[in-house]
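Subject: Handing over the structure

Hi,

Here is the structure I promised to pass on to you.

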Amino acid sequence: MEVNALRVFKPGEVIIEEGSKGTSAFIVLSGAVEVLKRSVKGEVLVATLGVGQVFGEMGLIEDRPRSATVRALTELKVREINREDFNELLRTKPSVLIPIMKSLFERLRQAGDRLAACWDPEGEVERSFEVIMEGQTAEAREVLEGRRLLITKFPFLIGREAESPATDVFYNNDLFIRESRPYLVSRNHLAISNEGGSMWILDRGSAFGTIVNGREIGGETGILRAPLDKEENQLIIGPATSRFIFLLKVVPL
């Protein structure tokens, strides 16, 4: 295969089939895909991914069957990178690999958090959700550019805006918060995640933590997660003095 190969798919075409073997990762260049898992009730939508996002990256580092099906939602163009490509690009053009490295780092972070929390998915039924995010303060509304943000991809990653996010593999966020010193928001602060059929806020190693419906997580608390246990939830990113206050509305699908 040509290094840095470009591939094009039509709407409805399957790029990855759950249970199949494969060693390639894909970076979305244009269009969108849906990620689906099999269940007793049929396929369940896990995430929707768009430009700049990555799927199939675990195929680069393990030989297990694919854990989900990925299907084109629209006309789709992706960059396909297999193990041989990865090694060559690491030597000749490492910047191409930054999205994949970010995705792998986030998977490792979440795997560690789950182990620390003794999360046990056995017997749990995955459910689909979407989350509507609204700002409750002027600062929060500015982050969202005055709009209500519909979140359908999980985990949804939030952190402080980097000076050069495109070239820093340690910054991996779907929503960036612009902040000046002294910082209250960490560069990798929190994730909104669908786990075991319920929605959670997960700390990603923040310095000052997060407050979810009055519950503090992260920072020095030693607590890594809090459930979104109501239809409407208040999220304060940072300590109680933070002005980044949001309302999260959880909508089951």
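Below are some notes on the sheets, the salt bridges and one tyrosine.

First, the ground rules. This is a predicted model, in which local features need pLDDT of at least 70 and side-chain atom pairs count only at pLDDT 80 or more, while totals for chains, interfaces and linings use all residues. Residues are numbered from 1 along each chain as its sequence is written, and side-chain values use heavy atoms, with hydrogens and water left out.

**The six-stranded sheet**

Let me start with an open, antiparallel sheet of 6 strands, in the order β10-β9-β19-β18-β15-β16. Strands here are DSSP runs of E with at least two residues, helices are runs of H or I with at least four residues, and both are numbered from the N terminus. Two strands count as paired if DSSP finds at least two bridges between them. The edges of this sheet are β10 (149-151) and β16 (215-217); each has a single partner strand, so one side of each is left without a neighbour in the sheet. On average, neighbouring strands of the sheet are turned by 25° against each other, direction ignored. For that angle, the axes are lines fitted to C-alpha atoms (for helices, over the stretch in contact), and angles between N-to-C directions run from 0 to 180 degrees.

Going through the pairs, β9 (residues 129-135) and β19 are antiparallel and share 7 bridges. In that pair, methionine 133 has leucine 248 of β19 as its bridge partner. β19 (residues 245-252) also pairs with β18, antiparallel over 5 bridges, and here glutamate 232 stands opposite lysine 249. β18 (residues 232-237) in turn pairs with β15 (residues 210-212) over 3 bridges, again in the antiparallel sense. Isoleucine 211 faces isoleucine 236 of β18 there.

**Salt bridges**

How many salt bridges does the structure hold? The count is 12, where a salt bridge is a side-chain nitrogen of Lys or Arg within 4 Å of a carboxyl oxygen of Asp or Glu.

One of them joins arginine 148 to glutamate 134, with the closest N and O atoms 2.9 Å apart. This pair links distant parts of the chain: arginine 148 sits in the loop between α3 (138-143) and β10, glutamate 134 is in strand β9, and the two are 14 residues apart. Arginine 148 is exposed, with a relative accessible area of 54%; buried means under 20%, exposed over 50%, and partly exposed in between, using a 1.4 Å probe and protein chains only.

Glutamate 134 also forms a salt bridge with lysine 249, and there the closest N and O atoms are 3.3 Å apart. Lysine 249 is partly exposed, at 23% relative accessibility.

A further salt bridge is formed by glutamate 145 and arginine 147, at 3.5 Å between the closest N and O atoms. Glutamate 145 is exposed at 65% relative accessibility, whereas arginine 147 is partly exposed at 38%. Through shared partners, salt bridges join Glu134, Arg148, Glu232 and Lys249 into one network.

β1 pairs with β8 (residues 76-81) over 5 bridges, and alanine 5 stands opposite glutamate 80 in β8.

β4 (residues 33-39) and β5 (residues 42-49) run antiparallel and are joined by 7 bridges. A hairpin of 2 residues connects β4 to β5, and leucine 36 has leucine 45 of β5 as its bridge partner.

**Tyrosine 183**

Which residues is tyrosine 183 in contact with, leaving aside its neighbours within four places in sequence? They are Arg160 and Phe208, with contact meaning heavy atoms within 4.5 Å. Tyrosine 183 lies in the loop between β12 (175-177) and β13 (190-195) and is partly exposed at 26% relative accessibility. Phenylalanine 208 is 25 residues away from tyrosine 183 in sequence, and their C-alpha atoms are 9.2 Å apart.
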